[in-house]
Amino acid sequence: MYYTQWFHSGADTKASKGVSVGFSRHINFTLLDICTDHEGRFIFIKGRIGPAVFTFGNIYAPNTEQIPWIRAVLKKLSSFTEGTLILGGDFNVTLNPIIDSSTGRSSIRVKSLARLIRTLQSMQLTDVWRTLYPSVRDYTFYSIPHNSYSRLDYLFLPSTHVQYCQSASILSQVLSDHSIVEMIYELPQTPPPYRCWRLNDLLLKSLRNVDRINARLTEFFGRNDNNEVSVQMLWEAHKTYVRGEFISLSAYVRKTRSQNMSDLQSKISRLERLHKRSLLASHLEELTSLRNEMKNLLNLSSAKAPCTRTFFADRILAVFSVQYTDSILNHSLQWVCKKY
């Protein structure tokens, strides 16, 4: 999935922080307005997807004085919002320490947390994952110095729109020390995107693949270059044939890589569950090794990512991406929170 439309908010200084919102090439998003922060701590964008207006907010809160900062940013977001608001990011705070922290406590005063919760309620915002899993203990961040887990990353929807949320998940920690938070939200009907096949030139970097294509082309011309077919017809037929070979080869490579990633993901998820309960150093060491393997696979699969994404990869601290999911019954929006 390639994200071709990016909106960034970066810090004015050289500090490596910033937030972004990205849309896949399959989402027909039309920008209406944007609001960014000179410190790169939040970005709000508003636009149309099909007939509906959406406002997307991505927040990366500081690790001190979080509550007053978040409340001030939410006030600014409230005046900016139009249509359906989808808000998420790293809030650097556990809203309910008893269940959202492995220690069961927080350094932030209860009264301060209560004020933040009232602010969210005044905007009619609902913590989507907690609404779907009211009693489940799961976390998005692991602190090595404190040897503890916390749920610091959230996705919020207006309470009247939670019914359109098909699912919400906390995924494994792979790209960073924060887990991906995923939500699939039902979109109004939109026309399916136009798809145009393009050659994945990474396939040509493998000598094995090049030899296979050369062998297929030699076989093709050996069978068909018999002076009974015009050169023009043979040329057009060969393009169709070789495209089919590349599609088949690409599907095989993608399937093999997906299977390897799925197997690794299962191992990582199993170990994460164990570590969240045991907090043993041996589990963490094995987790780190598996995550490095997954990063190597992800780097291979994203080698053709747009230059803008590659450029910001070292600076982006919180990234949201919108992924188009095509199905017979409806079209869905997948909102993924990542931290790099």
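**Ground rules.** I number residues from 1 along each chain as its sequence is written, and side-chain values use heavy atoms, without hydrogens or water. Because the model is predicted, local features need pLDDT of at least 70 and side-chain atom pairs count only at pLDDT 80 or more, while totals for chains, interfaces and linings use all residues.

**Helix H1.** I took helices (H or I, at least four residues) and strands (E, at least two) as DSSP runs, numbered from the N terminus. H1 covers residues 66-80 and reaches 21 Å from its first C-alpha to its last, close to the 21 Å expected at 1.5 Å a residue; the expected span is 1.5 Å times one less than the number of residues.

I then asked which residues of H1 are buried. Buried means under 20% relative accessible area, exposed over 50%, and partly exposed in between (1.4 Å probe, protein chains only). The buried ones are Gln66, Ile67, Trp69, Ile70, Val73, Leu74, Leu77 and Phe80. Seen down the axis of H1, they fall within an arc of 155°, so they line one face of the helix; the arc is that of the directions from the helix axis to the C-beta atoms. Lys75 and Ser79, on the other side of H1, are exposed.

**Aromatic pairs.** My search of the whole structure gave 18 of them. Rings of Phe, Tyr and Trp (its six-membered ring) pair if their centres lie within 6.5 Å; planes under 30 degrees apart are stacked, over 60 edge-to-face, and the rest tilted. I looked up Phe7 and Phe23, which are edge-to-face at 6.1 Å centre to centre, with 80° between the planes. Phe7 is in strand E1 and Phe23 in strand E2, so the pair ties together parts that are 16 residues apart in sequence. Both Phe7 and Phe23 are buried. Tyr154 and Phe156 are stacked instead, at 5.8 Å and 25°.

**Salt bridges.** I counted ten in the whole structure, each a side-chain nitrogen of Lys or Arg within 4 Å of a carboxyl oxygen of Asp or Glu. Glu82 forms one with Lys46, the closest N and O atoms being 3.7 Å apart. Glu82 sits in the loop between H1 and E6, Lys46 in strand E4, 36 residues apart. Glu82 is partly exposed at 38% relative accessible area, whereas Lys46 is buried at 11%.

Next I checked Asp100 and Arg151, which meet at 3.0 Å, N to O. Asp100 is in helix H2 and Arg151 in the loop between strands E9 and E10, so the pair ties together parts that are 51 residues apart in sequence.
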